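Please keep the sequence and the structure in view while reading.

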Amino acid sequence: MWKIQSHVGKIGKVRVSKISLKILVFVLVGIVSITAVFSYMSDRVIRSVYNDFFNDKTLLINRIVASQIEGDDLLSYIDALRRDREFQKRQIEFYQARQKLIELEETETDDQGEKAAAEEQIRLFYQEAAKFKDANYFRIQKQLDELCAVSDVKYLYIFADTGVPGMYTYIFDARASRDSDATSSGAISMKIDADDIGTVDVIEEFAGADSVFATKRQLSHAEYEAHQLYGVLYFTYAPLFDSAGNVVAVVGTDIDLSEMNRQIETMAKVNLATALIGSCLFILLFYPILRRVIVKPIVALRETASRIADGHIYTDVPAWLSGRNDEMGLLGKALSDMTQVFQHMLTDTRQLFEAAIAGRLDVRNDPSSFKGDVARVVRQINDTLDIVGIYFDSMPEALFILDPRLELVFKNKRASRLFDGLGVADIVRRVLSAENSDTAELTAKWNEALRSGFHTASAWLTTPEAETCFAFTCCDLILNGIKRGTLVIAADITDLMREKARAQSANEAKDDFLSRVSHELRSPMNIIIGMAKLGLKELKSESKNSDETASRAVERLESIVSASDHLLSIINDMLDMSHIEAGEVEIKRARFDLREVVADCCNLLKPQAEEKRIDFTYRVSPDIDANVLGDVSRVSQVLVHLLTNAVKFTEEGGRVTLLALPVEQEGEKGAFSKVSFSVEDTGIGMSEEFMEKIFVPFEQEDQYIQRRHQGVGLGLSICHRLVALMGGVITAVSTPGVGSVFTFTLPLPRVAESEPIGGADSPEETGDLVYDFSGVRMLLVDDIELNRTILREILADTRIDVTEASDGAEALKLFEESEEGHFHIVFMDVQMPNMDGYQATDAIRALNRKDAAVPVMAMTANAMRKDVEQALAHGMNGHLSKPIDIDACLRAIADAVTR
């Protein structure tokens, strides 16, 4: 006993863990469950044995009863009861009276009248039943009482179906405690009680009795639960047969099982208590072993796993656990192996990340030393670093990672290719512009430059590819406040720097162009203003009517006209260049005579060539068809530009030649669809350096800016653009002091003569025509009086009637006050105060008059394509740019009059 107490004391001192408590509960529940099942099975077996014993006993008793009762006597009783109607009536009243008494007793009703009536009905029933009791009845009853007394049977009774619906009638009834009323001489004692013949019960109270009558078989049953009237019973229903083998009555045998049931229940409780006590004793003795074998290892495993789960990967499994030879030892060793794998993985991964932090992106883990998911994780880490390396290698910029000592730890493929052979120190020196610094000084300057964490610079370096300019972006790599190194990104900005140089050169060229334009514009303006003043002065002098004065005035006016033409050509060149750069030039193709166009262009320049005594010749190959398809105005413009330059830059006595030759189609001899034009001169020529930018706008070689050569440097660029728009190619060859040759080839296919002749506008020469606009009324609108005066004087010879207005509002008023159809055409300036030309045109078109559709010509210095489109959008019929072309003005009036 003291050992048990000792174990209990130890258990009390030990903190019972959850796992040990669960094991104890599990064992206890298991033992109790097994004990309960065992007790239940024992109870069932004992009761089954008793059932067999009582079944044999009641079978013997039933045979004894059947041998003691004569069948004829039993049948006579049953027949007498069935034939007596009065007895059957009394049976029903008896049952009702007995139920009434039970009801009065249960409700505790003290109604003496009803109680007396019920008792009277019962007394009458027993009185009626007494007449059926004879000597044989009492003899049989006595034998049943004696059998009941000697056989430990609680009840022994015989009942039959006497014909009362739903009821059975007792014939004999014996009890173990019954006192016999019969005398030894067999005298009949008339006693009225529940044991006498005639006591009835409903069939429902004889459960199973019907099956005995039907099947002629004995029915046995045990009720181990105490009944409120009969207690714990084992009862049997056995059939009694007549001579013919019919069931005439049933013998009921009830054995009292109360005492036996109590003994069985007591025995079950004792068994259960014994099992519980034994279980507790077993647990008290078993727990130390259980704790040492199971609980302690599980607790150790749990604590180790918890520390590992909390991040303490380097926690080791206790040696006493991993060294055991049982299952717990195997589990501990497996956990130890697992922790070692994680420790190995963590160590390698830490080293890998430290290398990555230091910039060593080429370091990788070896996944072959791991298995399963761990190996997969290691491979994924390697893949992640590989992807980072791929990202860096795919960068168009060169990337370096330097450690704090300015040593290279990583560079991408671009850096390896561009800076092969260049040391890091050389690169850092160029970034810092510190050519002669030693390592210590260079490091100090590097840290100073990156003191803010960021530094940018550009430098030219000689790489294996070429002389390259790089933009360096440098930034410190700082982690947890510690400088880990420096990231350097070098971007190739060579093209950008060259583009910048080109842009600067272009800006310089534009500045130079503006200077030339200023000179070119001021020169003719000086001539115009000076000659105008001289002519005005001479006309106002006393000799203004002399022939000599008139002759000098004519010379002055011719100089003014010549300077104005030069000024207008400069403006037209700038407008053409603007149109070309804006994409507003449209190539119009139509049939024209190429020979005639070449002749006209040469005849236009021939006077200038003759003035300088230049040998000017041209030749068109006879193989070229006269009728070709192309844009005659643009072809003429290119030819005039090239011939003008050739004549301009060729000294006196030089030579200018124009050749037009056909170009054969490849593979088709004699088939021509292109024409090659060549303009050759013996002028001053151009340098090889300038030839590279000869077609660039605003460019001129220095010697071209001499005052004796006029121009702003747009002619060749315009030719280059126009030839390209027409689908051709232009080239140039030049030698300083020898001359130049410009060659351009254009697709000019031959067309039939039936095609319409076209051109820019196919203008009609009007210089020699005289227009008579008598009866035509014009509304001239311009806010500058001098402009109105000039146009009015120009149109004076045509006899046109001109009405003037100084702005759009005055023009609208004059038009509204005039009769319908009064004005035949309106010349409308665009930029005017109060109401501009667009607003005035919109207002005229909105009038409710038939002549609201009068032709309106825009008259403005704005000559861009968008200005023409804007004028047409406001309902104007045409566009005349200033200075006004007299021929275009006259044609516009003629078209309006003839429409």
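Helices (H or I, at least four residues) and strands (E, at least two) are DSSP runs, numbered from the N terminus. The model is predicted, with local features requiring pLDDT of at least 70, side-chain atom pairs counting only at pLDDT 80 or more, and totals for chains, interfaces and linings using all residues. Residues are numbered from 1 along each chain as its sequence is written, and side-chain values use heavy atoms, with hydrogens and water left out.

**The chain as a whole**

- The chain contains 25 helices and 23 strands.
- Of its 899 residues, 39% are buried; buried means under 20% relative accessible area, exposed over 50%, and partly exposed in between (1.4 Å probe, protein chains only).
- Among the contacts in the chain with a separation of 6 or more, 66% are between residues 24 or more positions apart, where contact means heavy atoms within 4.5 Å.

- Five strands form an open sheet in the order 20-19-21-22-23, and their pairing is parallel; two strands pair if DSSP finds at least two bridges between them.
- Strand 20 (801–805) and strand 23 (878–881) stand at the edges with a single partner strand each, so one side of each has no neighbour in the sheet.
- On average, neighbouring strands of this sheet are turned by 20 degrees against each other, direction ignored; axes are lines fitted to C-alpha atoms, for helices over the stretch in contact, and angles run from 0 to 180 degrees between N-to-C directions.
- Strand 22 (residues 856–860) is joined to strand 23 by 4 bridges, and the two run parallel.
- Thr-860 has Ser-881 in strand 23 opposite to it.
- Helix 25 (residues 886–898) packs on the sheet and touches strand 19 (777–781), strand 21 (825–829), strand 22 and strand 23. The direction of helix 25 makes about 140 degrees with that of strand 21.

- Another open sheet has 5 strands in the order 8-7-11-10-9, with antiparallel pairing.
- Strand 8 (408–411) and strand 9 (454–462) are the edge strands, each pairing on one side only.
- Neighbouring strands in this sheet are turned against each other by 25 degrees on average, direction ignored.
- Between strand 9 and strand 10 (residues 467–479) there are 9 bridges, in the antiparallel sense.
- His-455 has Cys-474, in strand 10, as its bridge partner.
- Helix 13 (residues 424–432) packs on this sheet, touching strand 7 (398–402), strand 8, strand 9 and strand 10. The direction of helix 13 makes about 110 degrees with that of strand 9.

**Helix pairs**

- Two packed helices are described by the angle between their axes and the distance between the axes.
- Helix 13 packs against helix 14 (residues 439–449) at an angle of about 50 degrees, with the axes 11 Å apart.
- That angle makes helix 13 oblique to helix 14; angles under 35 degrees count as roughly parallel, over 145 as roughly antiparallel, 65 to 115 as roughly perpendicular and the rest as oblique.
- The crossing of helix 13 with helix 14 is left-handed; a crossing is left-handed if the near helix is turned anticlockwise from the far one by less than a right angle, and right-handed if clockwise.
- Residues making this contact include Val-428 and Leu-432 of helix 13, and Leu-442 and Trp-446 of helix 14.
- By class, the contact of helix 13 with helix 14 has 7 nonpolar, no polar and 2 charged residues; Ala, Val, Leu, Ile, Met, Phe, Trp, Tyr, Cys and Pro count as nonpolar, Asp, Glu, Lys and Arg as charged, and the others, Gly among them, as polar.
- The axes of helix 17 (residues 594–611) and helix 18 (residues 632–648) come within 10 Å and cross at roughly 25 degrees, which makes helix 17 roughly parallel to helix 18.
- Helix 17 passes helix 18 in a right-handed crossing.

**Loop residues**

- Most residues other than glycine have a negative phi, and most peptide bonds are trans.
- Lys-216, which is not a glycine, has a positive phi of about 60 degrees. Lys-216 lies in the loop between helix 7 (209–215) and strand 4 (219–227) and is partly exposed at 41% relative accessibility.
- Arg-799 also is not a glycine and has a positive phi of about 60 degrees. Arg-799 lies in the loop between helix 21 (785–794) and strand 20 and is exposed, with a relative accessible area of 60%.
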